[in-house]
Protein chains: 2
Amino acid sequence: MTARKVVVQKYGGSSLASAEKIRSVAKKICDRRAAGIDLVVTVSAMGDTTDDLITLAKSVLGAGHVPDPREMDTLLSTGELVSAALVAMAIRSMGYDVVSLSGPQAGIRTDTTHGAARISEVDTGRLSRELAAGRIVIVAGFQGLAETEDITTLGRGASDLTAVAIAAGLKAHRCEIYTDVEGIYTADPRLVPEARKLVEIGYEEMLELASLGAKMNPRSIELGAVYEVPILVASTFDDKPGTLIHGEASMMEVRKAVTGIAVTRNVAKITAPALPDIPGVAADIFEPLAAAGINVDVIIQSASAGGKADISFTVADGDLERALAITKTSRACADHNVMGGRGYAKVSIVGTGITNSPGYASRMFRALAAAGVNIDMITTSEIRITCIVESGQVEKAARALHQAFELQEASAG
Amino acid sequence: MTARKVVVQKYGGSSLASAEKIRSVAKKICDRRAAGIDLVVTVSAMGDTTDDLITLAKSVLGAGHVPDPREMDTLLSTGELVSAALVAMAIRSMGYDVVSLSGPQAGIRTDTTHGAARISEVDTGRLSRELAAGRIVIVAGFQGLAETEDITTLGRGASDLTAVAIAAGLKAHRCEIYTDVEGIYTADPRLVPEARKLVEIGYEEMLELASLGAKMNPRSIELGAVYEVPILVASTFDDKPGTLIHGEASMMEVRKAVTGIAVTRNVAKITAPALPDIPGVAADIFEPLAAAGINVDVIIQSASAGGKADISFTVADGDLERALAITKTSRACADHNVMGGRGYAKVSIVGTGITNSPGYASRMFRALAAAGVNIDMITTSEIRITCIVESGQVEKAARALHQAFELQEASAG
């Protein structure tokens, strides 16, 4: 007996935003099934449903009350249940056998961190039984069941994660993420018109791009890398090939050192100058920020005159006031002139070729200088170099880098 | 150790139709909790949510497709989950410990009849644990879990049933149904302005009234009777006493023979005249109707001239055309002159005192005759006498009967 090929698909909220779009998605699923593939399909909530539910909760609670995270999870999980049931109904009306499952029914087990639960296990028992019975299985994304038998959600955009986790659990042929873009680009086409769609990209590179604003859930890429699940990102409503995220360099494409350019806007910067250069200063600053749930991104510490150190770091725009207030009252900064400001952006080059190749950094800085872009802060990882620049200059910077690293040229024959 | 008093409450959809109403319900629950009562609260979907979800499913499927019942149950169950989470959030914001549970989490186990599942068991394990932990428990009504681990719904209006079933399972002090009416009346106040709110009513009488159109789920009354759960029906947003449905005649109230008048509109009548008076004729007529899912209500068979029999029966207005077509082609009627027509209504008197008291029937017929109301068909049960009359005469009929049986007079001192 030959095992049938299992493919896990995921359709995002914009692909399911109306009755008509739901029918189109159902048709696409049926066509794929007709080709002899066993399908598990993860769906997000329709259109703006999740935002609408959050608004509803806020209007019930009134200003100043934070919704209970456990109850919020129960509330938000209903959006994906609605999509799953509707997609299943549409498929059945087209003559295919189908069943919808909630995250808990699909065996998604999580820890108890409501609002941002991590998947601990995928119990594939029921999924396998439904597939063996010849059914298409529609799974409500974004949700799971904790050991406490409470419903959890996995965080915004985490229906991708559900799909990849199920693909890993079922050892599926691959996971296909259908969305409103045609794939992964060398840069955001709205910023860089010459941007080119990638045929393929490695997990690590994709992880950097995803963390830097590409429309993919970074945790799903991480999980895909660990379980070696090939992930295709493609458009829901056309048949163009999309981008395959996987672990092996293809023979089809001559590899470039830099795979893509990523841009993140709405960055704010805080600088605490002339701090005493003694152990514990950084901890004094960043512990209270972490305790307040503020995500600190780039951190740079540099020596300043007279045995003192400057510490600069970036936070999201919306967190600036809170971060500034906390930093000013932190022990290390109490007597110092802490400054903060908006209007920054991050521009990054990403590529596995960057590793151990010092030439890329200087080429990046030279290209930015030639374009008249001033670099405010620099930070690097193994496969990424990021510059903080003024927000108004980020488009110019992205275009200059795209050209400098010759990303506009198709690399496959 | 003295066991604390447990009360199960239920709030209907019209009581939860807006953020403001949800806060009012939460406040009412908190006030009751503050009085030292352990509370389990069952909620319906907000306002028109269930109808909106049905409309959504229809728009996805298009005309001519019937939604899959299993998927429909998953879809509709989300409405009550949303209410439950929102009510729980509101209660928590008022400083009380609370948890919301879906029907499955609350231990409601059912058979697999999607759309009209019957409760097979209430596993009170988690409910009891949550109560023991000092929490108010909010339960999504109308839904349960089948042995197949699929979500089921119990039928329209069945959140009442969830509440009574939980009250029975927990051996609660009583079940309180809060709604947009102040209680059970001797007749519909819109038809009979003199109608009086009842202080109490027996299960059997209430069951007849509920089957005849009073705003209560008949199955919940049945279940209350079997498990002897006292059920209070009262208004959500005032503090008037409501009506207690229970099994014992109260010493407080001098019992009347007739408890109330019930009216059902939109009745259609079909008559198959001059049928051969031989065994099997009735089965020939009613078996195909049952197979088509048409609910036949009043059935009357009478002898006509020449050893023939006439059979008349009523169906809901909306079923008339289908029922007529089926009846005309049934074996017994093939050669006979089957007639059907709209424009009928049922008016009934209900009361345990009717049993073994033949005087009530003649008093009813006399009152209707005196009011100029023509009786088309008559049917009786142990505690009910029903007359089919012309629709245009039903208000006059209800008022005449209300007066004839002196229901307007308060009977308690």
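Tutor: B:Pro104 is buried, because 24 other C-beta atoms lie within 10 Å. (Buried means 20 or more other C-beta atoms within 10 Å of a residue's own, with C-beta atoms placed from the backbone.) This is a predicted model: local features need pLDDT of at least 70, side-chain atom pairs count only at pLDDT 80 or more, and totals for chains, interfaces and linings use all residues. Residues are numbered from 1 along each chain as its sequence is written, while chains are lettered from A and ligands numbered from 1 in the order in which they are written.

B:Pro104 sits in the loop between strand S3 (98-101) and strand S4 (108-110) of chain B. (Strands are DSSP E runs of at least two residues and helices H or I runs of at least four, numbered from the N terminus.) Leaving aside residues up to four places away in sequence, B:Pro104 touches B:Gly144, B:Leu145 and B:Ile151. (Contact means C-beta atoms, placed from the backbone, within 7 Å.) B:Ala146 is 42 residues away along the chain, yet its C-alpha atom is 8.6 Å from that of B:Pro104.

Now the helices. In H2(A), the residues A:Thr50, A:Leu53, A:Ala57, A:Val60 and A:Leu61 are buried. They cover an arc of only 95 degrees around the axis, so they share the same side of H2(A). (The arc is that of directions from the helix axis to the C-beta atoms.) Their cover includes H3 (69-93) of chain A, plus H1 (19-34) and H3 (69-93) of chain B. After H2(A) comes A:Gly62, with a positive phi near 80 degrees.

Terms used. A residue is buried if 20 or more other C-beta atoms lie within 10 Å of its own, exposed if 12 or fewer, and partly exposed in between; C-beta atoms are placed from the backbone. Two residues are in contact if their C-beta atoms, placed from the backbone, lie within 7 Å.
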